[in-house]
Amino acid sequence: MNDWLTSFPLVAILRGLRPEEAVDIGAVLIEAGFRVLEVPLNSPEPVESIRRLVEAFGERALVGAGTVIDPARVHDVAAVGGRLIVMPHGDGEVIRASKRAGLYCVPGVATPTEAFAALAAGADALKLFPAEQIGPAALKAWLAVLPPGTAVLPVGGVTPDAMAPWLAAGAAGFGIGSSLYAPGRQASDVALRARAFADAWQSDLAAKGDAA
């Protein structure tokens with residue numbers, strides 16, 4: 001999982017994506033640098049959108065599903081070539097089902113207890129959710145006790161100008177939803193938003209390096 005996060009650790013959360021727009025939206029995200037694409041299962045025909053994204057970008061992007069709450073859905077995602085399962089919660093059954101299927105799994109956690117339990121079940125990274133209710137100071141405290149190298153990605157309320165405090169606290173990346181894509185948003189608009197996130201990430205990363 002860290003291999004996919006190292007170069008550009010921003011996850012595109014495409015809630016509401018329709019199959020007929022999947023490739024066009026995916027293309028502008030890939031062009032901006034995104035390498036992890038997530039289609040939540042409460043989107044229209046999500047498995048078909050995942051299939052189309054895998055077919056078009058599977059060599060260049062890690063494509064999978066979000067909002068996975070039923071272990072049985074893991075197999076639906078794997079069947080069309082999806083390689084990532086993202087969850088809003090830390091259900092161990094979903095995590096274990098993902099690992100049995102050979103998929104990466106990023107469960108949602110909101111406390112250190114949930115974080116340790118998710119890692120014990122086999123999580124590859126952690127989704128700090130909802131991030132706006134937790135805050136960078138809490139993440140910094142978590143990382144003092146979590147196993148070294150644990151990748152924690154804040155999700156919820158992330159905008160281009162909100163990433164710097166999280167990065168300073170040790171965030172390994174971010175999940176980005178409606179600030180990037182929303183149902184009905186044109187690919188040209190998504191492209192501009194994706195570029196803004198990419199530019200902010202590079203700027204924040206450079207500033208962190210200078211501060212060090």
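Is aspartate 189 buried, partly exposed or exposed? I looked this up first: aspartate 189 is partly exposed, with a relative accessible area of 29%. I took buried to mean under 20% relative accessible area, exposed over 50%, and partly exposed in between, with a 1.4 Å probe and protein chains only.

**Entry 1: the model.** I note that this is a predicted model, in which local features need pLDDT of at least 70, side-chain atom pairs count only at pLDDT 80 or more, and totals for chains, interfaces and linings use all residues. Residues are numbered from 1 along each chain as its sequence is written, and side-chain values use heavy atoms, with hydrogens and water left out.

**Entry 2: the whole chain.** I recorded nine helices and nine strands in the chain. Helices (H or I, at least four residues) and strands (E, at least two) are DSSP runs, numbered from the N terminus. The radius of gyration is 16 Å, close to the 17 Å that the globule rule gives for 212 residues, so the chain is as compact as a globular protein of that length. This radius is taken over C-alpha atoms, and the globule rule is 2.2 Å times the number of residues to the power 0.38. Along the principal axes, the C-alpha atoms fill a box of roughly 45 × 40 × 30 Å. I also noted that 49% of the 212 residues count as buried.

Of the contacts (heavy atoms within 4.5 Å) with a separation of 6 or more, 60% come from residues 24 or more positions apart.

**Entry 3: an open sheet.** I found three strands in the order β6-β7-β8, with parallel pairing. The edge strands are β6 (108-109) and β8 (152-154), each pairing on one side only. Two strands pair if DSSP finds at least two bridges between them; β7 (residues 126-128) and β8 have three bridges. Lysine 127 stands opposite leucine 153 in β8.

**Entry 4: the two ends of α4.** Which residue caps the N-terminal end of helix α4? I found aspartate 70 there: a side-chain oxygen lies 2.9 Å from the backbone nitrogen of alanine 72. Just after α4, glycine 81 takes a positive phi of about 95 degrees.

**Entry 5: salt bridges.** Side chains of opposite charge can pair when their charged atoms come close. I used this rule: a side-chain nitrogen of Lys or Arg lies within 4 Å of a carboxyl oxygen of Asp or Glu. The count comes to 11 salt bridges.

I returned to aspartate 189, which forms a salt bridge with arginine 193, the closest N and O atoms being 3.1 Å apart. Both residues lie in helix α9 (residues 187-211), four residues apart, about one turn of the helix. Arginine 193 is partly exposed, at 28% relative accessible area. Elsewhere, salt bridges that share partners join Glu48, Arg51, Arg52 and Glu55 into one network.

Within that group, I looked at arginine 52 and glutamate 48, whose closest N and O atoms are 2.8 Å apart. Because they are four residues apart in helix α3 (residues 46-57), about one helical turn separates them. Arginine 52 is partly exposed at 30%, and glutamate 48 is partly exposed at 23%.

My last pair was glutamate 21 and arginine 18, with 3.6 Å between the closest N and O atoms of their salt bridge. Glutamate 21 is buried at 10% relative accessible area, whereas arginine 18 is partly exposed at 33%.

Technical notes
Polar contact = N/O pair within 3.5 Å; in protein donor to acceptor, adjacent residues only side chain to side chain.
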